[in-house]
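Below are some notes for a colleague who is about to work with this model. They are arranged by element, and each point can be checked against the coordinates.

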Amino acid sequence: MKAAAKRMKQRSAGKPDIELGKRIRLRRVEMKISQAELGEKLGVSFQQVQKYEKGVNRVGAARLQQIASALDVPVTFFYDGDNKAREVESLLFLDSAFSLRLLRAYSKIKDQTVQRQLVSLMESIAANES
């Protein structure tokens with residue numbers, strides 16, 4: 001009985017599943033696709049997509065391939081190990097569509113003086129919020 005319980009525990013979702021889910025969400029939001037739309041592409045419910053993104057349910061290899069295709073990225077996008085891993089990690093804090101909009105708008109500003117002024121303004125606002 002204990003061996004069966006131990007096997008079940010090993011199969012439950014953990015920290016790597018949560019990180020994978022964050023990366024799925026990051027890419028989905030970046031592409032402006034809803035959970036329902038992604039679920040439709042995968043043949044699952046939006047609730048299942050929510051579970052993948054939260055790391056509640058594990059994503060199998062075949063399903064990860066489907067997700068990568070649906071989100072137009074290589075499977076390696078979801079894992080550490082290459083130079084993009086650090087870039088992905090740095091973007092994981094962008095957990096909302098608003099944050100992505102802000103980053104996209106900032107990246108379109110070509111004038112470095114304006115970029116610096118914007119960062120200073122945001123830092124001042126954030127300091128006043130604390």
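Predicted model: local features only at pLDDT ≥ 70, side-chain atom pairs only at ≥ 80, totals over all residues.

Which pattern does the protein follow when read along the sequence? The pattern is α-α-α-α-α-α-α-α, in keeping with a secondary structure of eight helices and zero strands.

1. Among contacts in the protein with a separation of 6 or more, 60% are accounted for by residues 24 or more positions apart.

2. **Helix α3 against helix α4.** Helix α3 spans residues 35-42 and helix α4 spans residues 46-54, and their axes come within 8 Å and cross at roughly 100°. The two helices are therefore roughly perpendicular to each other, given that angles of 65 to 115 degrees are counted in that class. On the α3 side the contact involves Q35, A36, L38 and G39, which meet F46, V49, Q50 and E53 in α4. By residue class, this contact of α3 with α4 divides into four nonpolar, three polar and one charged.

3. **F46 within that contact.** F46 lies in helix α4 and is partly exposed, its relative accessible area being 38%. Once neighbours within four places in sequence are left aside, F46 is in contact with Q35 and A36, both of which belong to the α3 side of the packing described above. The C-alpha atom of F46 is also separated by 8.5 Å from that of S34, a residue twelve positions away along the chain.

4. **Helix α2 against helix α4.** How far apart are the axes of α2 and α4, and at what angle do the helices pack? The axes are 5 Å apart and the angle is about 120°, which makes α2 oblique to α4. The α2 residues making the contact are D17, I18, G21, K22, I24, R25 and R28, while α4 contributes Y52, E53 and K54. The residues of this contact of α2 with α4 divide into three nonpolar, one polar and six charged, and a colleague preparing the model may wish to look at this composition alongside that of the α3 contact, with its four nonpolar, three polar and one charged.

5. **The buried side of α4.** The buried residues of α4 are Q48, V49, Y52 and E53. They cover an arc of only 140° around the axis, which puts them on the same side of α4. What covers these residues includes α2, α3 and α5. After the helix comes G55, whose phi is positive, near 80°.

6. **The buried side of α5.** Helix α5 covers residues 61-70, and its buried residues are L64, I67, A68 and A70. These span an arc of only 165° around the axis, so they sit on the same side of α5. The covering elements include α2 (15-30), α3 and α4. On the face turned away from the buried side, α5 carries the exposed residues A62 and S69.

7. K32, in the loop between α2 and α3, has a positive phi near 60°, and K32 is exposed, with a relative accessible area of 65%. D72 lies in the loop between α5 and α6 (84-91), just after α5, with a positive phi of about 55°. At 61% relative accessibility, D72 likewise counts as exposed.

8. Not counting residues up to four places away in sequence, Q115 touches Y106 and I109.

Methods. Residues numbered from 1 in each chain as written. Heavy atoms only, no water. Axes fitted to C-alpha atoms, helices over the stretch in contact; angles between N-to-C directions. Helix = DSSP H or I, 4+ residues; strand = E, 2+ residues; numbered from the N terminus. Parallel < 35°, antiparallel > 145°, perpendicular 65-115°, else oblique. Contact = heavy atoms within 4.5 Å. Nonpolar A, V, L, I, M, F, W, Y, C, P; charged D, E, K, R; others polar. Buried < 20%, exposed > 50% of the residue type's maximum accessible area, 1.4 Å probe, protein only. Arc of directions from axis to C-beta.
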